[in-house]
Amino acid sequence: WVIMLLLWGTTYLTQTAAYQHNFMQSRQSRLSSPLHLVVKSSSDPFSSLPDPQDENSSNVKRVILVSDSTGMTAQKTLNRAFSQFDSCSTLKKDDCELQVNVFSHVTNEETLAGLIRRAKDQSALMIYTLSDPELRSKSSKMCELSAVHSVDLMGPLLDGLSYFLEEAPLGTPGGDDKIQRQDPRKAVLSSSYYRRIEAVEFTLKADDGSAPWLLKDADVILVGVSRTGKTPLSVVLAQQFGLKVANIPLVLEVPAPKELFDPCIDSDKVMCLTINPVELKRIRLNRLERSGAKQLEETGGVKTVTNYADRNYLMRDLKNARDLARDKGYTEIDVTGRAVEETASLISELLTQKLAAKNIEFEGWVEEMGGDVDALATSAKSEGKD
């Protein structure tokens with residue numbers, strides 16, 4: 001099981017494009033309007049577009065999203081923007097459809113021109129994130145000449161930063177995992193990439209309370225009852241934010257590991273995940289149904305009785321977790337109805353705020369003590385203090 005997790009975590013990091021595709025597919029049900037998303041690379045740029053007979057439907061609104069890399073930036077921005085609109089506000093819900101076609105790794109003018117022609121034929125909105133200034137300029141001109149409504153997500157930001165920094169951008173796609181280099185043709189992985197690799201490896205080792213001795217080295221510790229999404233949240237925090245995450249299941253009959261209460265563990269980095277009891281019962285019932293056949297097989301065909309999804313039991317289970325959080329000063333986070341990435345962003349923001357508050361407190365203490373950090377450190381060391 002551990003080996004499978006390690007293999008999955010490595011594949012999760014190296015195949016970023018595939019991960020984002022799955023992530024976007026899972027997010028569709030959370031949008032208020034029906035959204036059809038198709039992700040394609042430039043090797044077959046038109047196979048994912050709707051059938052010709054569907055193009056005659058006046059109720060279908062289409063967006064063609066083009067990227068010279070994986071398309072992650074554009075997809076995230078587009079989903080944030082979609083959440084601000086009801087795309088079918090003026091039409092009947094049953095007669096309205098919104099289709100988004102994502103084309104990644106588009107790096108040549110011919111493919112781009114073909115997509116613009118298709119956008120014109122479909123009266124689609126063209127959205128693009130292109131790092132190459134020449135290709136970006138040609139895209140803008142072609143859209144203007146073809147009367148295609150277009151949005152350049154990357155250009156204005158790059159132009160503004162170039163003016164402010166007084167430096168020309170590299171113009172190479174996939175800048176998130178590269179650093180400045182002397183030879184722009186060679187992609188060099190940045191330190192942040194290796195930090196995320198290390199974080200994912202740590203997170204898989206410390207999953208589900210399997211290595212409590214690693215808690216002192218964790219950047220974040222997640223605690224919560226069963227089925228609150230601790231493991232997927234841990235992986236997202238590690239992969240997207242480079243945080244070393246440990247998670248501990250809280251079980252009513254089993255005490256939490258003693259390492260969790262070690263004085264060296266900062267309570268500010270411990271997050272207690274809670275959830276609505278109704279939602280938790282639904283998730284646990286689904287879990288029991290999926291494992292029902294195995295339970296029957298292991299018990300020789302005799303149906304076992306469990307209180308895992310019993311309302312009274314899970315209410316006590318949740319109360320036990322909340323009481324622990326209050327007693328130890330842990331931050332409670334309600335994950336009901338939240339996507340994993342939303343909860344991850346919230347935790348990242350909370351950690352940043354707590355760190356900023358500690359820095360302000362430390363600076364005030366230093367000023368109160370005379371303002372000389374080196375002198376204070378030397379004095380503390382001489383007195384045997386940390």
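Leaving aside neighbours within four places in sequence, Ser131 is in contact (heavy atoms within 4.5 Å) with Asp68, Arg136, Leu158, Gly171, Thr172 and Pro173. The model is predicted, so local features need pLDDT of at least 70 and side-chain atom pairs count only at pLDDT 80 or more, while totals for chains, interfaces and linings use all residues. Residues are numbered from 1 along each chain as its sequence is written, and side-chain values use heavy atoms, with hydrogens and water left out. Ser131 lies in the loop between strand E4 (125–129) and helix H5; helices (H or I, at least four residues) and strands (E, at least two) are DSSP runs, numbered from the N terminus. With a relative accessible area of 13%, Ser131 is buried, the term buried meaning under 20% relative accessible area, exposed over 50%, and partly exposed in between (1.4 Å probe, protein chains only).

The protein chain as a whole has 13 helices and nine strands. Of its 386 residues, 39% count as buried. Its accessible surface comes to about 22600 Å², and 53% of this belongs to carbon and sulfur atoms; accessible areas come from the Shrake-Rupley method with a 1.4 Å probe, and for residues only the protein chains shown count as cover. Among contacts between residues at least 6 apart in sequence, 75% join residues at least 24 apart.

Salt bridges were defined by a side-chain nitrogen of Lys or Arg within 4 Å of a carboxyl oxygen of Asp or Glu. By this rule the count is twelve. Arg136, one of the contacts of Ser131, forms a salt bridge with Asp159, with 4.0 Å between the closest N and O atoms. This pair links distant parts of the chain, since Arg136 is in helix H5 and Asp159 in helix H6, 23 residues apart. Arg136 is buried, at a relative accessible area of 9%. Within helix H5 (residues 133–145), Glu134 and Lys138 lie four residues apart, about one turn of the helix, and their side chains meet in a salt bridge with an N to O distance of 3.3 Å. Lys138 counts as partly exposed, at 29% relative accessibility. Glu109, Glu134 and Lys138 are linked in a network of salt bridges.

Helix H6 (residues 155–165) includes Leu165, which counts as exposed at 51% relative accessibility. Together with Leu157, Leu161 and Phe164, Leu165 makes a nonpolar surface patch of about 440 Å². Patches are made of residues with over 30% relative accessible area and no salt bridge, like charges being joined within 9 Å and nonpolar side chains (Val, Leu, Ile, Met, Phe, Trp, Tyr) within 5 Å. Glu166 is found in the loop between H6 and helix H7 (191–205). Although not a glycine, Glu166 has a positive phi of about 55°, and the residue counts as exposed at 74% relative accessibility.

Strand E6 (residues 220–224) and strand E7 run parallel and are joined by five bridges, where two strands pair if DSSP finds at least two bridges between them. In this pairing Gly224 stands opposite Pro249 in E7. E6, helix H8 (residues 230–241) and E7 make a right-handed β-α-β unit; a crossover is right-handed if, with the strands pointing away from the viewer, the path from the first strand over the helix to the second runs clockwise. Strand E7 (residues 245–249) is largely enclosed by the rest of the structure, because four of its five residues are buried. The loop between E6 and H8 holds Arg227, a residue other than glycine whose phi is near 75°, a positive value. Arg227 counts as partly exposed at 33% relative accessibility.

Pro257 lies in the loop between E7 and strand E8 (270–274). Leaving aside neighbours within four places in sequence, Pro257 is in contact with Pro212 and Ile248. Pro257 and Gly209 are 48 residues apart in sequence, with 8.1 Å between their C-alpha atoms. The side chains of Lys258 and Glu259 meet in a salt bridge of 3.6 Å, N to O. Lys258 counts as exposed at 67% relative accessibility, whereas Glu259 is partly exposed at 24%.

E8 is joined to strand E9 by four bridges, and the two run parallel, with Met271 opposite Thr331 in E9. In a regular strand the side chains alternate between the two faces of the sheet.
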